[in-house]
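Q: Please take a close look at one part of this model. I would like to know where it sits and what surrounds it.

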Amino acid sequence: MQKSSFYKYRPSGFVSVSGPDALEFLQGQFSNDLAKMEVGQVVYGLWLNRKGKIVADSFALRQGEERVALLSYFCEGAAIFDRLDAYLIMEDAELEKASEAPLACSVFGDAAQAAACERLGLKLPQLGEFSESEGVVAFWGRRGGVSSLELVGIDTSGSVCIERLDALISESGVESLSCNDLDAFAIEGRVPQIGKGFGESDLPQELGLEVDAVSFRKGCYLGQEVMARLHAMGRVRKGLRVVSIENVDTASGLALPVDLLDEAGKRQGSLRSVAYSKSGGVVGLAVVSSGFSGRSLAAGDLLVELQEREEGR
């Protein structure tokens with residue numbers, strides 16, 4: 001059973017889209033399929049450019065027939081707003097960027113998740129859905145190989161509720177996680193944190209996001225032609241790899257990203273994120289050439305060991 005713990009944060013991006021054409025407009029921009037999304041459902045996906053590279057990611061929460069909230073852990077609200085505003089021309093839809101990032105909390109562990117929902121008067125949501133009460137929304141996040149319940153105060157009253165919950169959790173003795181802990185969860189779960197080491201230079205397929213964040217059945221959207229072409233090809237030239245790093249002290253001071261070089265000095269990829277693992281040592285996520293068959297690469301003076309690929313990756 002997962003240990004009860006929590007992490008208090010403010011998501012970098014929070015944008016609301018409202019109006020009669022809100023969902024139709026977003027469907028033509030988002031990498032995942034929103035066409036059949038009903039009120040109370042949440043879908044994770046990406047905003048791409050014409051070359052298929054990632055501009056930002058978002059959880060899309062349909063709060064009403066004509067209202068969708070967009071939330072991102074690490075991508076700035078301005079980037080999401082500007083990306084959408086550039087293509088909002090004739091549609092009857094309005095964009096609103098939050099003046100202040102909402103207060104939020106990631107809760108881990110079945111007991112803590114159930115207790116937090118009960119305290120806030122929220123229903124524990126099903127996967128792909130969210131619940132909402134008194135300005136707080138609850139949905140399942142993407143923190144890696146661990147189950148995280150995201151509680152976000154989407155207005156002033158909701159932020160007050162999150163503050164009170166944070167105080168109660170702290171007093172109960174539940175472990176408060178650090179930023180490093182969250183990074184380690186993501187690394188060990190092979191989840192690239194878009195906007196934090198990953199994004200504008202990457203294609204979704206290079207980061208293993210084509211399964212969860214891209215629909216190959218929906219109609220046209222920005223970047224769709226590139227997605228379809230890569231899907232037909234069946235593979236990309238680079239892929240996401242989990243790595244372990246020697247020399248713990250030096251690894252913590254790395255200025256990321258760092259080029260990864262083979263024994264001949266040829267660049268084979270880049271190290272994008274590192275964290276101390278609770279199981280010991282330093283782990284990281286790297287984007288490495290699919291043609292590289294070796295087991296280790298150099299990141300400056302550090303030796304980086306590539307872990308075995310997961311089946312199908």
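A: This is a predicted model. Start with Glu 150. Its place is in strand S10, which spans residues 148-153. Is Glu 150 buried or exposed? Its relative accessible area is 0%. Buried means under 20%, so Glu 150 counts as buried.

Which side chains make polar contacts with Glu 150? One is Tyr 9: a polar contact of 2.5 Å joins its side chain to that of Glu 150. Another is Ser 148, whose side chain has a polar contact of 2.9 Å with the side chain of Glu 150.

Now the wider surroundings. Neighbours within four places in sequence are left aside here. Glu 150 is then in contact with Tyr 9, Tyr 73, Cys 105 and Ser 106, among others. The list also includes Val 137, Ala 138, Phe 139, Gly 141 and Arg 143.

For another view of burial, turn to helix H6, residues 224-233. Val 226, Met 227 and Leu 230 are buried there. Seen down the axis of H6, the buried residues fall within an arc of 100°, so they line one face of the helix. These buried residues pack against strand S3, residues 42-48. The face turned away from the buried side carries Glu 225 and Ala 232, both exposed. After H6 comes Gly 234, with a positive phi near 90°.

Notes. Residues are numbered from 1 along each chain as its sequence is written. This is a predicted model: local features need pLDDT of at least 70, side-chain atom pairs count only at pLDDT 80 or more; totals for chains, interfaces and linings use all residues. Side-chain values use heavy atoms; hydrogens and water are left out. Helices (H or I, at least four residues) and strands (E, at least two) are DSSP runs, numbered from the N terminus. Buried means under 20% relative accessible area, exposed over 50%, partly exposed in between (1.4 Å probe, protein chains only). A polar contact is a pair of N or O atoms within 3.5 Å; within protein, one must be able to donate a hydrogen and the other to accept it, and residues adjacent in sequence count only if both atoms are side-chain atoms. Contact means heavy atoms within 4.5 Å. The arc is that of the directions from the helix axis to the C-beta atoms.
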